[in-house]
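Have the structure open as you read.

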Amino acid sequence: MIASFYDELAPFYHLLYGDWEAASAQQGRALAGLLARHGVGPGAHVLDAACGIGTQTLGLLPYGYHLSASDISAGAVGRLNEELAYRGLKAQVRIDDLRTLAEAGDASADAVIACDNSVPHLLTEDELLQAFRSAHRCLKPGGMLLLSVRDYAAIERQNPDVRPYGLRYENGDRFLATQVWEWDSDTHYDLRVYLTHESPAGDCRTQVLKSRYHAVTIDQLLTLLHVAGFGDLRRHDDVLFQPVLTARKR
């Protein structure tokens, strides 16, 4: 379900932002600053293990990092390759599963990142722990894992919870996207994204993309990171629009 959701979303993902290019640049600047403050500076190898269409990969490349980027969605990976070619940038891009990181070598990365609330797509603690252990394997000794996640403990459970992205314009078309969360427990919810296009002539069509999330709390994530072998666990609330968690391979 995760792969097909992002396969369908990939052509439109940038329209979820008011200005995706600016957001990518801002996130790259913020993440590069955080990595550098923790000893992962220019020239280091960063694995973006949930790269999507490249919001963080494209943002980090201007700061001198060597990027590998992977995602379970072939559509997202294909879009990232297009974005790299358009900009004349290079990164190693591949399809891979965040849970196993089977295409990443042992002790091959100075940092592993997974941003934009990627890890809550893993629906059980066992899957989360598997992903954290895979990231641990891929990191060099002393390497850093960096995650950006929603603070689900601070989010009121409303059913349904309707979250509009806003109206966008592209090539004369109007584009409206809305999220709808439908909780079936305190810890899991179904997500629907409604994507509506209206042409200049007024022709209109709507797609509905479906996925599912695990509303895992930050305290639970920090506990699982510790179980996976990480130390120096920290929460940062002043880096991105979501809390950022960092951890070190001991």
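Helices (H or I, at least four residues) and strands (E, at least two) are DSSP runs, numbered from the N terminus. The model is predicted, so to speak of local features a pLDDT of at least 70 is needed, side-chain atom pairs count only at pLDDT 80 or more, and totals for chains, interfaces and linings use all residues. Residues are numbered from 1 along each chain as its sequence is written, and side-chain values use heavy atoms, with hydrogens and water left out.

## Loops and backbone

Let us begin with the loop between strand 3 and strand 4, where Ala107 is found. Ala107 has a positive phi of about 50° although it is not a glycine. Leu101 lies in the loop between strand 3 (92-95) and strand 4 as well, and this non-glycine residue has a positive phi of about 45°.

| Residue | Relative accessible area | Class |
|---|---|---|
| Leu101 | 1% | buried |
| Ala107 | 37% | partly exposed |
| Cys115 | 1% | buried |
| Cys204 | 55% | exposed |

A cis peptide bond joins Asn159 to Pro160, with omega at about -5°.

## Two sheets

Two strands pair if DSSP finds at least two bridges between them. On that basis, 7 strands form an open sheet in the order 3-2-1-4-5-11-10, with mixed pairing. Strand 3 and strand 10 (230-236) are its edge strands, each pairing on one side only. From one strand to the next, the twist averages 15°; axes here are lines fitted to C-alpha atoms, for helices over the stretch in contact, and angles run from 0 to 180 degrees between N-to-C directions. Within this sheet, strand 4 and strand 5 pair in the parallel sense over 5 bridges. Ile113 has Leu146, in strand 5, as its bridge partner.

A further 4 strands form an open sheet in the order 6-7-8-9, and here the pairing is antiparallel. The edges are strand 6 and strand 9 (204-214), each of which pairs on one side only. The twist in this sheet averages 15° from one strand to the next. Strand 8 and strand 9 run antiparallel and are joined by 11 bridges. Leu195 stands opposite Gln207 in strand 9.

## Cavity and pocket

Rolling a probe the size of a water molecule over the atoms shows where empty space is left. On a 1 Å grid over the protein atoms alone, a cavity is a set of points where a 1.4 Å probe fits but cannot get out, while a pocket is an open set with protein on both sides within 12 Å along at least five of seven lines; lining residues have an atom within 4 Å of a point. Grid points are joined across faces, edges and corners, and a volume is the space filled by probe spheres set on the points.

How many cavities of 30 Å³ or more are there? The count comes to 1. The largest cavity has a volume of about 50 Å³. Leu101 is one of its lining residues, and the others include Ala49, Val112, Phe132 and Leu147. Strand 4 (109-114), helix 5 (125-138) and strand 5 (139-148) each supply at least two residues of this lining, and helix 5 gives the most, with 3 residues. The lining divides into 11 nonpolar, no polar and no charged residues. In this grouping, Ala, Val, Leu, Ile, Met, Phe, Trp, Tyr, Cys and Pro count as nonpolar, Asp, Glu, Lys and Arg as charged, and the others, Gly among them, as polar.

The largest pocket has a volume of about 880 Å³. Its lining comprises 44 residues, of which Tyr6, Tyr13, Asp116, Asn117 and Tyr213 lie nearest its centre. Among the elements that give two or more residues to the lining are helix 1 (2-9), helix 2 (20-37) and strand 7 (173-183). Helix 1 gives the most, with 4 residues. By class, the pocket lining divides into 26 nonpolar, 11 polar and 7 charged residues.

## Cysteines

A disulfide is a covalent bond between the sulfur atoms of two cysteines. Counted as a pair of cysteine sulfur atoms within 2.5 Å, disulfides number 0 in this model.

How values were computed. Buried means under 20% relative accessible area, exposed over 50%, partly exposed in between (1.4 Å probe, protein chains only).
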